[in-house]
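Thanks for making the time, everyone. Please bring up the sequence and the structure, and we'll walk through them together.

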Amino acid sequence: MPQLPPSLADLEALAKRALASLPGRFKSHLGDVLIRVEDFPDRETERAMRLDGPFDLMGLYRGVALPQKSVSDPQPGIDAIFLYRRPILDYWCGRTSPMSCAIS
């Protein structure tokens, strides 16, 4: 019987649990980071990254790299990790048996 793929909410919960399970020495450098899960990257991201198609990107960090961060920044943006569900599932299906994969 095919295993049902994780929903957007399922993937978000998995990502948040993974982030929470990082060792303290890593979390102390992380700060506030938003996790967003979408089915695909938006068209603007596709163009900016020069992707051949929406399945070419499974995730993306948007924010300021730690060495460039400064407390004197007037409005530091919120760092975000974007996960793209359909490309992740496509990769997952390519790595598991076809009988266990049913994407919706």
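**A short tour**

Start with K16. Its relative accessibility is 43%, so K16 counts as partly exposed. One reminder before going on: this is a predicted model.

K16 has a partner. Its side chain forms a salt bridge with E12, and the closest N and O atoms are 2.9 Å apart. E12 is partly exposed too, at 26% relative accessibility. As a general point, side chains of opposite charge can pair when their charged atoms come close.

Now the helix itself. Helix α1 covers residues 8-20, which is 13 residues. From first C-alpha to last, α1 reaches 18 Å, close to the 18 Å expected at 1.5 Å a residue.

Which residues of α1 are buried? They are L11, A15 and L19. These residues cover an arc of only 75° around the axis, so they lie on the same side of α1. Turn to the other side of α1, and you find A9 and R17 exposed.

Next, the sheet. Three strands form an open sheet, in the order β1-β3-β2, with mixed pairing. β1 and β2 are the edge strands, each pairing on one side only. β2 is residues 59-62. From one strand to the next, the twist averages 15°.

Look at β1 and β3 together. β3 is residues 79-84. The two strands run parallel, and six bridges join them.

How do helix and sheet meet? α1 lies across β1 and β3. Relative to β1, α1 runs at about 150°.

Back to salt bridges. How many are there by the rule used here? The count comes to four. We have seen K16 with E12. Here are two more.

Take R85 and D39. They form a salt bridge, with the closest N and O atoms 3.2 Å apart. This pair links distant parts of the chain, 46 residues apart. R85 belongs to helix α4, residues 85-95. D39 is in the loop between β1 (33-38) and α3 (43-48). Is R85 buried or exposed? R85 has a relative accessible area of 7%, under the 20% cut-off, so R85 is buried. D39 comes out at 31%, so D39 counts as partly exposed.

Then there are E46 and R43. Their side chains meet in a salt bridge, at 3.4 Å from N to O. Both residues lie in helix α3. They are three residues apart, about one turn of the helix. E46 is buried, with a relative accessible area of 12%. R43 is exposed, at 60% relative accessibility.

Last stop: R50. Where is R50? R50 lies in the loop between α3 and β2. Its phi is near 55°, a positive value in a residue other than glycine. For background, most residues other than glycine have a negative phi. R50 has a relative accessible area of 75%, over the 50% cut-off, so R50 is exposed.

That's the tour. Thank you, and I'm happy to go back to any part.

Notes: Residues are numbered from 1 along each chain as its sequence is written. This is a predicted model: local features need pLDDT of at least 70, side-chain atom pairs count only at pLDDT 80 or more; totals for chains, interfaces and linings use all residues. Side-chain values use heavy atoms; hydrogens and water are left out. Helices (H or I, at least four residues) and strands (E, at least two) are DSSP runs, numbered from the N terminus. The expected span of a helix is 1.5 Å times one less than its number of residues. Buried means under 20% relative accessible area, exposed over 50%, partly exposed in between (1.4 Å probe, protein chains only). The arc is that of the directions from the helix axis to the C-beta atoms. Two strands pair if DSSP finds at least two bridges between them. Axes are lines fitted to C-alpha atoms, for helices over the stretch in contact, and angles run from 0 to 180 degrees between N-to-C directions. Contact means heavy atoms within 4.5 Å.
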